[in-house]
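Subject: Structure handover

Hi,

Here is the structure I promised to pass on. Please have a look at it first, then read my notes below.

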Amino acid sequence: MKSLQKLLSHTLLLITLMFTTSFAANAGLINIKHDIIGDSFGKLGSIEVQINDSLLNTGLIYKSFGDQITLVNISLFGLFSSVGEFDISLFDVGIDSDNIYAGIEFFEFDADDVGFGAATWSYYMIFDAFTFGSLEIFDLNNDFIFFDTFSLSAAQVVPAPSTLVLLMLGMGGLMLRRKRII
């Protein structure tokens, strides 16, 4: 009975390690997050996008060219797109998939905040890593309200949780195996 239990635990460990090393590398998602740092007022918000790791090492990828880049969240002045506080009319982003740790190289964003009636503002942002970024805010009458130039902080690249879960299962299996040997 003990040898059968040992065989099953070894088999489970091998299957877990197989999934951790092979399939996770082929089907994962990667989040890239930056803080938006205004030249006049400091941190204005943040932007987070998600790419499929099958796009890695394929050169420049752009949402407008049909590449699968998803806007996870953009926040400005405490408003968040992830909870529907922006009506986004334009979002485009470009990333060098050969060096994702460099982060976003280009993005363009045009949206209105929602649910504020007459106090609704329109936001237009454009960023190019090789020049600068700018944020313009207008009211409903297209009257100018605010302008600032900005840069992005260093990219925070995070693999999707499914990859981490598989890795943790493999590590847990190794720890269980080690405890039984000792």
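A search of the whole structure finds 1 salt bridge, meaning a side-chain nitrogen of Lys or Arg within 4 Å of a carboxyl oxygen of Asp or Glu. In it, the side chains of K43 and D35 meet at 3.4 Å, N to O. K43 counts as exposed because its relative accessibility is 55%; exposed means over 50% relative accessible area, buried under 20%, and partly exposed in between, with a 1.4 Å probe and protein chains only.

Some background. This is a predicted model: local features need pLDDT of at least 70, side-chain atom pairs count only at pLDDT 80 or more, and totals for chains, interfaces and linings use all residues. Residues are numbered from 1 along each chain as its sequence is written, and side-chain values use heavy atoms, with hydrogens and water left out.

Now E105. It lies in strand β7, residues 104–113. Strands here are DSSP runs (E, at least two residues), numbered from the N terminus. E105 is buried, yet has no salt bridge. The nearest side chain of opposite charge is K63, 18 Å away. Lys and Arg count as positive, Asp and Glu as negative; His and the chain ends are not counted. What is E105 in contact with, leaving aside its neighbours within four places in sequence? The residues are L60, G94, D96, F127, D128, A129 and F130. Contact means heavy atoms within 4.5 Å.

Next, the core. The largest nonpolar core has 32 residues. Such a core is a set of buried Ala, Val, Leu, Ile, Met, Phe, Trp, Tyr and Cys residues joined through side-chain atoms within 4.5 Å. I95, F107 and F109 touch the most other members. Strands that each supply at least two residues of this core include β1 (29–38), β2 (42–52), β6 (86–96) and β7. Leaving aside neighbours within four places in sequence, the contacts of I95 include I32, V49, I51, L60 and I104.

Last, β9. This strand is mostly covered, with 5 of its 7 residues buried. β8 and β9 run antiparallel, joined by 7 bridges; two strands pair if DSSP finds at least two bridges between them. M125 has L135 in β9 as its bridge partner. A hairpin of 4 residues joins β8 to β9. On to β10: β9 pairs with β10 in the antiparallel sense over 6 bridges. There, I137 has F146 as its bridge partner. β9 and β10 also form a hairpin, with 4 residues between them. N142 in that turn has a positive phi of about 65°.

Best wishes
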